[in-house]
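Subject: Structure handover

Hello,

Here is the structure I promised you. Please open it alongside this message, then read on for what I found.

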Amino acid sequence: MIKYNLMIPGPTPIPTRVLAAMNHEMIGHRGPLFSAVMKEVMTDLKWAYETDNDIFIYPSSGTGGMEVAAVNVLSPGDKVIVLNIGNFGGRWAKICTAYGADVNNVKFDRGKAADPKVLEAELKKGLVKAVFMQQNETSTGVINDVETLAKLVRKIQPDALIMVDAVSGMMAAPLKTDVWDLDVVVSGSQKAFMVPPGVSAVSISARAWKAHERSKCPKHYWDWSLMKEHAPKGHTYTTPPESLIFGMREGLRMLREEGRENVFARHKFNRDLLRTAARSLGLKLLADDTCASPAVTAIFPPEGVDGEEVRKLMREDFSVEVAPGQSELKSKIFRIGHLGYVDSLDLIGAWAAVEVLFKRLGAKINFGAGVKAMMEML
Ligand SMILES: Cc1ncc(COP(=O)(O)O)c(C=O)c1O
């Protein structure tokens, strides 16, 4: 038996406390026991989102949450801007297109954050219903400056909706939903909340509720109006994924116990640890320091080494699961997740495996330099 090490940017490792909390008998989902659980989850989600807005949770993966966001505010023909800095930006564009929106899919170079100057120019071209963006783009390991982007939208088009996919960024980096005036923010259970996949959450501003009243996209399961009737009672429209909600309660309790600033500092330190290690071997990173994600790092392997090979051998030789490059970055990079229940020693262990692997593959690296640099940082 060899220990399995999950080092991908979601699903992330699950703490024993969360696993134990999910090991709970089913209870009536329209009764007081379940209401009490849901009310605690809602209070803590609002803490995580830094919001007083409504938050609804859905039994779905993160993509379901993105679809919830789009179908509840859009109508066919609406003009929208998508700030596309990677695969998940592309997903916003696909969802909006599927529901008939007129999508201005603004693509940025992979490894770069959305440029506020480009957004400014696009906003000045004409009124749009909404601007869609990622807080953290998981496919490239880049974090957007959501605060600056949101300020620009408010300055140039005050009524445009600001739609944020925070699936991999929520609780890995600050996101101030109310202070930054974000209209809809989507998160997913399987990232920094440290819970298995299957629950998405969306926050809804007063502006988004107004847009919802006029929205003509077809919907039923995702319809906010149906959830609104049930939410004040601590219920959901459909049967909720109770085990996951018990898990959410525990994961959120753990985050509150650790404290927001400590959680963010831990993610930042682990990001810097990994970036320092990679650079100590002379490796190139996809994102530069100004937009480097605290949740996931995309790394170019040494000359002559294929990113897919790294992923395969890490799994086969060391039982460490790292993530591949996606789309045009396939084989060119590999990604290591450091969000959620991951600590510095997990990363040092994984990096030691990376170095041994590079050596076995005959790459010319300063063997051990990365691990040494990490130890010095500790
Ligand atoms: C930024 C981001 N958005 C959306 C998603 C989609 O989530 P899911 O795969 O749970 O549907 C992911 C998943 O990795 C993500 O990282």
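This is a predicted model: local features need pLDDT of at least 70, side-chain atom pairs count only at pLDDT 80 or more; totals for chains, interfaces and linings use all residues.

Which residues is Lys-191 in contact with, leaving aside its neighbours within four places in sequence? The list is Gly-10, Thr-12, Val-167, Ser-168, Met-170, Leu-339 and Gly-340.

**Lys-191**

I began with this lysine for its annotation. In an unreviewed entry, UniProt places the feature "modified residue: N6-(pyridoxal phosphate)lysine" at Lys-191. The residue sits in the loop that runs between β9 (184-188) and β10 (199-204).

**The ligand**

The ligand is surrounded by 13 residues. Closest to the ligand are Ser-61, Gly-62, Thr-63, Thr-138 and Val-167. Val-167 is also one of the contacts of Lys-191. How does the shell around the ligand divide by residue type? Nine of its residues are polar, three are nonpolar and one is charged.

**Arg-335**

Here is the other annotated position I looked at. UniProt lists Arg-335 under "binding site", again in an unreviewed entry. Arg-335 belongs to strand β14, residues 334-337. Is Arg-335 buried or exposed? It is buried, since 25 other C-beta atoms fall within 10 Å of Arg-335 and the threshold is 20. Not counting residues up to four places away in sequence, Arg-335 touches Pro-9, Gly-141, Val-296, Thr-297, Ala-298, Val-322 and Ala-323.

**Two domains**

Now the wider view. The protein is divided into two parts: domain 1 (5-10 + 260-377) and domain 2 (16-257). Their C-alpha centres are 28 Å apart. Where they meet, 23 residues of domain 1 are in contact with 23 residues of domain 2. On the domain 1 side of that boundary, α10 (260-280) and β11 (296-299) each supply at least two residues. The domain 1 side divides into 14 nonpolar residues, seven polar and two charged.

**Overall fold**

In total there are 13 helices and 14 strands. The radius of gyration is 21 Å, close to the 21 Å that the globule rule gives for 378 residues, so the protein is as compact as a globular protein of that length. Along its principal axes, the C-alpha trace spans about 60 × 55 × 30 Å. Of the 378 residues, 49% count as buried. Contacts between residues 24 or more positions apart make up 73% of those with a separation of 6 or more.

**Backbone details**

- Gly-10 and Pro-11 are joined by a cis peptide bond, with omega about 0°. Pro-11 lies in the loop between β1 (5-6) and α1 (16-22). Gly-10 is also on the contact list of Lys-191.
- Glu-50 is not a glycine, yet its phi is positive, near 55°. Glu-50 is in the loop between α2 (32-49) and β2 (54-59). With 18 other C-beta atoms within 10 Å, Glu-50 is partly exposed.
- Met-171 has a positive phi of about 70°, and this residue is not a glycine either. Met-171 is in the loop between β8 (161-165) and β9. Met-171 counts as buried, because it has 26 C-beta neighbours inside 10 Å against a cut-off of 20.

**Asp-44**

One last residue. Asp-44 is part of helix α2. Asp-44 is partly exposed, with 18 other C-beta atoms within 10 Å. How far apart are the C-alpha atoms of Asp-44 and Lys-79? They are separated by 34 Å, and the two residues are 35 apart along the chain. Beyond its neighbours within four places in sequence, Asp-44 is in contact with Leu-252 and Arg-256.

Best wishes

Definitions and conventions: Residues are numbered from 1 along each chain as its sequence is written. Domain bounds come from an automatic or database domain assignment. Two residues are in contact if their C-beta atoms, placed from the backbone, lie within 7 Å. Helices (H or I, at least four residues) and strands (E, at least two) are DSSP runs, numbered from the N terminus. Ala, Val, Leu, Ile, Met, Phe, Trp, Tyr, Cys and Pro count as nonpolar, Asp, Glu, Lys and Arg as charged, and the others, Gly among them, as polar. A residue is near a molecule or strand if its C-beta atom, placed from the backbone, lies within 6 Å of it. UniProt positions are given in the numbering used here, feature names are shortened, and annotations may be inferred rather than shown by experiment. The radius of gyration is taken over C-alpha atoms; the globule rule is 2.2 Å times the number of residues to the power 0.38. A residue is buried if 20 or more other C-beta atoms lie within 10 Å of its own, exposed if 12 or fewer, and partly exposed in between; C-beta atoms are placed from the backbone.
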